[in-house]
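Subject: Handover of a structure, with findings

Dear colleague,

Please find below the structure that I am handing over to you. My findings follow directly after it.

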Amino acid sequence: MFYVDDHYYTLHDVEKQYEVFNETPEIRDCQNIRLAVCIKDMFEWITLCLYIRHKGGTVFPIHPSTPKDGAIQLAKASSCDVLFYGDLHSHSSIQLGSNRRDGEGALIQMSSGTTGAPKCIERTWKSIEEELTSYLSVLPLDHTTTSIVACPVTHSYGLISGVLACLKRGAEPVVITNMNPAYLIKKVKEQPHHLFYAAPTLLYMLSRFMRGERLFHYVMTSGTVIPSTWLEQLQNVSKKVFQQYGCSEAGCVAVHPDLQHASDMGYALPHVKIEAGEKESPTEILIHTYQKTISTKDLGYLQAGVLTFVSRIDDTINVAGLNVYPQEVENVLMNEPRIIEAVVYKKTNDLSGERVCAQFTSNELMVEKEVRDWCSRFLAPHQIPMEIKQVTEIEKLPNGKISRKKLAEMTAV
C-alpha cells in the first residue's frame, strides 16, 4: 500500500487502523464536524486522511512540529470542533466547541504566508479528485513508477500531488520523515523508477552530495522558483526534472514535464484555464475553474502554451518607475561562483521610495564591493542591490519557502 521510511504498510494494516477509527466517535461520525489533526505518526495521519475522505468528513492537518498551544490556536481559527494532538492511540481529544454543519466534506489547509498572514483555505474532496484526475492525465507515469515524498504530507504538494496521486495511479508511495541526506540517497537508490518530490533547497543539497553522479530518475520541484544554477546542477544528477505550479485555493494547475528554464511553470492542466500576459508585458496570472476565477497575485506570461512566472506582484520592486523582478537579480547573484544562495527583496523609504536589497550565503567572506561589481557586469544600475548583506543562513518559513516581506521587516532599521 505505502511506505513510511523503512516500514511498509499493507492494505490489511490500513483496514486494521480503520477499525480503530470506527471505535473513536469523533472520527467515526466525522461527516458533520471539523477535525483538526496534529499527530507525529505519518501512518496514522495518512490512513486517517483516507478514512475521512472516504466518509466525506472535513479535516485540517497541522504540521506535527507545531506546539500544542499553537495547534489549538490554528484549530480554533479554522473553526474546528475537535483537535487530536500527539497521537491517536490514547483516544484523547481536545474539544474546541460546536461548529457542526451540513455540507460537503473538505480538506482544510493554510496558505503559505509568503506575502502576508496565512489564510484558511477549504477545498472539497470533489475538487481534489478533479485535480488528481487532471494531474495524472499529463504526467508520463504509470503504476511502475513510485513517488518518493520528501516534503510535508500535511501540505497539498506532498499530500495531494505526492501521496494521493501515487495511490490513484496504482503505485506505492514512499513517505520520508528522516531528512538525513545519506538516508535520503539510500532510499532513492532503493527505488530505481521513481518521481522524487521535494523543495528546491533539499534538491540542491542532495545534488551537491552526488557531484554529478546520477541519483534521480524523475524529480519534481515546486513552491518557489528554483535558481537557474541549482536547476543546472539538478539536471546533471537526474534523468528528467519536472516542475509544477499552483495555489492554495486550486491546488496544482500547471505541470512542466521536462524543465529547461527555471521560470517555466508548464502547461495548464485540463480542468483549468490560465490567463496571463505576454513576454513583453506580463500581467497577473488568473486561474479559471468551473466555479470561480482565482487571482494568484503572481506576474507571468504565456508563450507557446507554457506559463512562465516572473514575480510575485507584492515582491516586484519599483525603482523610480522601473520594475525590478527579484528572480532576475537572484540568478545573477547565484551565477557568481562563490555564492551558494541568494534572496532579493525590497525596502521602502518615504524619501527614497523602494530600493533593492539582497542577502546571500557563501563559504568564504565576500566584501560588498565584490558583489556589487559582479552585479554591474550583468544588471542595469536600477537593478543592482543598494543594500547587500552576507549571512550564515537565509531565514525561511516552516514550509521551506522564503518570505521576502518578512526579511524586509526583520532587517528594517
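The axes of helix H7 (residues 181–190) and helix H8 (residues 200–210) come within 11 Å and cross at roughly 80 degrees. An angle from 65 to 115 degrees counts as roughly perpendicular, and H7 and H8 are therefore roughly perpendicular to each other. On the H7 side, the contact is made by Pro181, Leu184, Ile185 and Lys189; H8 contributes Leu202, Met205, Leu206, Phe209 and Met210. By class, the residues of this contact divide into eight nonpolar, no polar and one charged. Please bear in mind throughout that this is a predicted model.

Helix H3 (residues 42–55) and helix H5 (residues 125–138) have axes that come within 10 Å and cross at roughly 110 degrees. H3 and H5 are therefore also roughly perpendicular to each other. Cys49, Ile52 and Arg53 of H3 meet Trp125, Glu129 and Leu132 of H5 in this contact, which has four nonpolar, no polar and two charged residues.

The largest nonpolar core has 62 residues. Those with the most contacts inside this core are Phe196, Leu206, Leu215, Phe216, Leu234, Val253 and Leu333. Helix H8 supplies the largest share of the core, namely five residues. Apart from this core lies another, of 50 residues, which includes Cys30, Phe43, Cys151 and Leu269. To return to Leu215, its contacts are Ile185, Val188, Lys189, His194, Leu206, Met210 and Val237, when residues up to four places away in sequence are not counted.

Helix H10 (residues 326–334) is mostly covered, as seven of its nine residues are buried. The buried residues are Pro326, Gln327, Val329, Glu330, Val332, Leu333 and Met334. One of them, Leu333, is also listed above among the residues with the most contacts inside the largest core.

Strand S11 (residues 194–198) is largely enclosed by the rest of the structure, because five of its five residues are buried. Both of its faces are covered: His194, Phe196 and Ala198 lie on one side, and Leu195 and Tyr197 on the other. S11 is joined by four bridges to strand S9 (residues 146–149), and the two run parallel. In this pairing, valine 149 stands opposite tyrosine 197. Four bridges also link S11 to strand S12 (residues 216–221), again in parallel. Here alanine 198 has threonine 221 as its bridge partner.

Strand S7 (residues 106–110) is mostly covered as well, with four of its five residues buried. Five bridges join S7 to strand S8 (residues 120–124), and these two strands run antiparallel. Isoleucine 108 is found opposite glutamate 122 in S8.

An open sheet of three strands is arranged in the order S22-S23-S24, with mixed pairing. Strands S22 (339–349) and S24 (387–390) stand at the edges with a single partner strand each, so one side of each is left without a neighbour in the sheet. From one strand to the next, the twist averages 20 degrees. Strand S23 (residues 353–362) is joined to S24 by four bridges, and these strands run parallel. Cysteine 357 stands opposite glutamate 387 in S24.

Leaving aside neighbours within four places in sequence, threonine 361 is in contact with Arg338, Ile339, Ile340, Glu341, Val391, Thr392, Glu393 and Ile394.

Finally, cysteine 247 lies in strand S13 (residues 238–247). At 15% relative accessibility, cysteine 247 also counts as buried. Not counting residues up to four places away in sequence, cysteine 247 touches Ile287 and Ile294. The C-alpha atoms of cysteine 247 and serine 295 are separated by 9.5 Å, while the two residues are 48 residues apart along the chain.

With kind regards

Methods
Residues numbered from 1 in each chain as written. Predicted model: local features only at pLDDT ≥ 70, side-chain atom pairs only at ≥ 80, totals over all residues. Heavy atoms only, no water. Buried < 20%, exposed > 50% of the residue type's maximum accessible area, 1.4 Å probe, protein only. Pairing = 2+ DSSP bridges. Axes fitted to C-alpha atoms, helices over the stretch in contact; angles between N-to-C directions. Parallel < 35°, antiparallel > 145°, perpendicular 65-115°, else oblique. Contact = heavy atoms within 4.5 Å. Nonpolar A, V, L, I, M, F, W, Y, C, P; charged D, E, K, R; others polar. Core = buried A, V, L, I, M, F, W, Y, C linked by side-chain atoms within 4.5 Å.
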